[in-house]
Amino acid sequence: ETYIDKEPYQAFEDIQIDYKYEIINSDHYDIGVFDVGHRGIVELRNVDDETGTFGVEMTFKTLKDGEVSKGGGLYYILSGETKEYIIDYDIDSGEDVEWSYKVIPGKKTITKPVTKYRDVEKTRMVTKYKQEYKCD
């Protein structure tokens, strides 16, 4: 008789992953005397084995303006290279500022081995028994 069996096989799939990075330094502080502002600084190192694109978005939050996000641009950063992102934001003198940032790493495609399964038709020997009765 024939039947269907699942048989494993090796295949390859392309998947998207983020470039790897580390933050060397991040800081923020008020700048200026008459034209007051707040400066955010993020220093990022590409620790991936490939050159990749990286961006930094900083968010400044004040009572007057609420939350405002500003991007620091996308840059190609060589493997092992460091890039400093600096973003200034105008504030009123004496105004409190909450600051945060997020890194936006680029993506790269890698090929990864995966196990998949396919249906395979197989045959097997089946022995059937028949019961017989003897009449006297």
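Leaving aside its neighbours within four places in sequence, with which residues is H38 in contact? In this predicted model, where contact means heavy atoms within 4.5 Å, H38 is in contact with H28, Y29, D30, I31, F60, I87, D88, Y89, I91, V97 and W99. The model is a predicted one, in which local features need pLDDT of at least 70 and side-chain atom pairs count only at pLDDT 80 or more, whereas totals for chains, interfaces and linings use all residues. Residues are numbered from 1 along each chain as its sequence is written, and side-chain values use heavy atoms, with hydrogens and water left out.

H38 has its place in strand β3, residues 37-46, where strands (E, at least two residues) and helices (H or I, at least four) are DSSP runs numbered from the N terminus. With a relative accessible area of 5%, H38 is buried, a term that stands for under 20% relative accessible area, with exposed meaning over 50% and partly exposed the range in between (1.4 Å probe, protein chains only). The side chains of H38 and H28 are joined by a polar contact of 2.8 Å; such a contact is a pair of N or O atoms within 3.5 Å, of which, within protein, one must be able to donate a hydrogen and the other to accept it, and residues adjacent in sequence count only if both atoms are side-chain atoms.

Strand pairing was examined next. An open sheet is formed by three strands in the order β5-β4-β7, with antiparallel pairing, two strands being paired if DSSP finds at least two bridges between them. The edge strands are β5 and β7 (98-105), each of which pairs on one side only. From one strand to the next the twist averages 15°, with axes taken as lines fitted to C-alpha atoms (for helices over the stretch in contact) and angles running from 0 to 180 degrees between N-to-C directions. Between the antiparallel strands β4 and β5 there are 10 bridges, and T53 has Y76 in β5 as its bridge partner; these two strands, β4 and β5, form a hairpin with three residues between them. Eight bridges join β4 to β7, also in antiparallel fashion, and G55 is found opposite I104 in β7.

Five aromatic pairs are present in the structure, a pair being counted if the ring centres of Phe, Tyr or Trp (its six-membered ring) lie within 6.5 Å, and classed as stacked for planes under 30 degrees apart, edge-to-face for over 60 and tilted for the rest. One of them is the tilted pair of Y19 and F54, at 6.0 Å centre to centre with 55° between the planes. This pair links distant parts of the chain, 35 residues apart, with Y19 in the loop between β1 (2-18) and β2 (21-31) and F54 in strand β4 (residues 52-62). Y19 counts as buried at 12% relative accessibility, and F54 counts as buried at 0%. Ring pairs link Y19, Y21 and F54 into a cluster.

The rings of Y75 and Y85 have planes at 65° and centres 5.5 Å apart, so this pair is edge-to-face. Y75 in strand β5 (residues 66-77) and Y85 in strand β6 (residues 82-90) are 10 residues apart, and their pair links distant parts of the chain. Y75 counts as partly exposed at 35% relative accessibility, while Y85 is buried, with a relative accessible area of 2%. The charged end of K83 sits over the ring of Y75, 4.1 Å from its centre, the criterion being that NZ of Lys or CZ of Arg is within 6 Å of the ring centre and within 35 degrees of the ring normal. R124 lies over the face of Y3, at 4.1 Å from the ring centre.
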